[in-house]
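Morning, everyone. I have one structure to walk through today. Let me put it on the screen.

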Amino acid sequence: MKTMNKLTKFEKYLTKEISIEFKACLYFYSILFFYSMVLILQGTYSVSILTMAEMIFAAYVICYIQMFVFHNFDEADRLGGIELLGIIVCTGIYTGLSYILKWFQRRTDITVYFTLFMIFTYICVCFINKAKRKIDSKELNNLLYEYKKRNGEQVL
């Protein structure tokens, strides 16, 4: 017998796809911000649409890798071995693509800064996701408390 609270396969799939979409947008924005700052510091005030397309495509592919190979490491409760490996591998892929696709004209100094920026971004996202889960749990507990109080159940 199917329970009402159990997610269907489609709902599970949709949840993962929404998570990947959110992550891809977040990482694309981060990469685009870094790229834009580099261009501004160089006196350029326009961005290549082709480069932006490469960045968003890379973000989607890498987010799938994050989700399915590294078990959604940026939403883990702690940064352990698999999470750190995920950060290193995904940062390495972004860095490799930035060099191969000449996002920073293959300048070693900017590529190193980009690598450090991506590591910093991943660590920040991990902490932000952890904080969000704590806040969400607190809110859900408050809602449950209020629900029980309204329905006359014993509240601990």
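Start with Asp 74. Set aside its neighbours within four places in sequence, and Asp 74 is in contact with Lys 23, Tyr 27, Gln 66, Val 125, Cys 126 and Asn 129. Keep in mind that this is a predicted model.

Where is Asp 74? Asp 74 sits in the loop between helix 2, residues 49-68, and helix 3, residues 81-100. Is Asp 74 buried or exposed? Its relative accessibility is 0%, so Asp 74 counts as buried. One of its contacts deserves a number. The side chains of Asp 74 and Tyr 27 are joined by a polar contact of 2.6 Å.

Now follow Tyr 27 to the aromatics. A pair of aromatic rings is described by two things, the distance of the centres and the angle of the planes. The count here comes to eleven aromatic pairs. One of them is Tyr 27 with Tyr 122. That pair is tilted, with 4.9 Å centre to centre and 45° between the planes. What does the pair tie together? Tyr 27 lies in helix 1, residues 9-41, and Tyr 122 lies in helix 4, residues 108-150, so the pair links parts that are 95 residues apart in sequence. Tyr 27 and Tyr 122 are buried.

Tyr 122 also pairs with Phe 73. This pair is tilted too: 5.3 Å between centres, 50° between planes. Phe 73 is in the loop between helix 2 and helix 3, and Tyr 122 is in helix 4, so this pair ties together parts 49 residues apart in sequence. Phe 73 is buried, as is Tyr 122.

Phe 34, Tyr 35, Trp 103, Phe 104, Phe 114 and Phe 117 make up one aromatic cluster. And the charged end of Arg 106 sits over the ring of Tyr 99, 5.5 Å from the ring centre.

Now zoom out. The protein has four helices and zero strands. Along the sequence, the pattern reads α-α-α-α. The radius of gyration is 20 Å, well over the 15 Å that the globule rule gives for 156 residues, so the protein is more spread out than a compact globule. Along the principal axes, the C-alpha atoms fill a box of roughly 65 × 35 × 35 Å.

Last, some totals. Of the 156 residues, 32% count as buried. Take contacts between residues at least 6 apart in sequence: 67% of them join residues at least 24 apart. The accessible surface is about 10,800 Å², and 67% of that belongs to carbon and sulfur atoms.

Definitions and conventions. Residues numbered from 1 in each chain as written. Predicted model: local features only at pLDDT ≥ 70, side-chain atom pairs only at ≥ 80, totals over all residues. Heavy atoms only, no water. Helix = DSSP H or I, 4+ residues; strand = E, 2+ residues; numbered from the N terminus. Buried < 20%, exposed > 50% of the residue type's maximum accessible area, 1.4 Å probe, protein only. Polar contact = N/O pair within 3.5 Å; in protein donor to acceptor, adjacent residues only side chain to side chain. Contact = heavy atoms within 4.5 Å. Phe/Tyr/Trp six-rings, centres within 6.5 Å; stacked < 30°, edge-to-face > 60°. Lys NZ or Arg CZ within 6 Å of the ring centre and 35° of its normal. Rg over C-alpha atoms; globule rule 2.2 N^0.38 Å. Areas by Shrake-Rupley, 256 points an atom, 1.4 Å probe, with all protein chains shown as cover.
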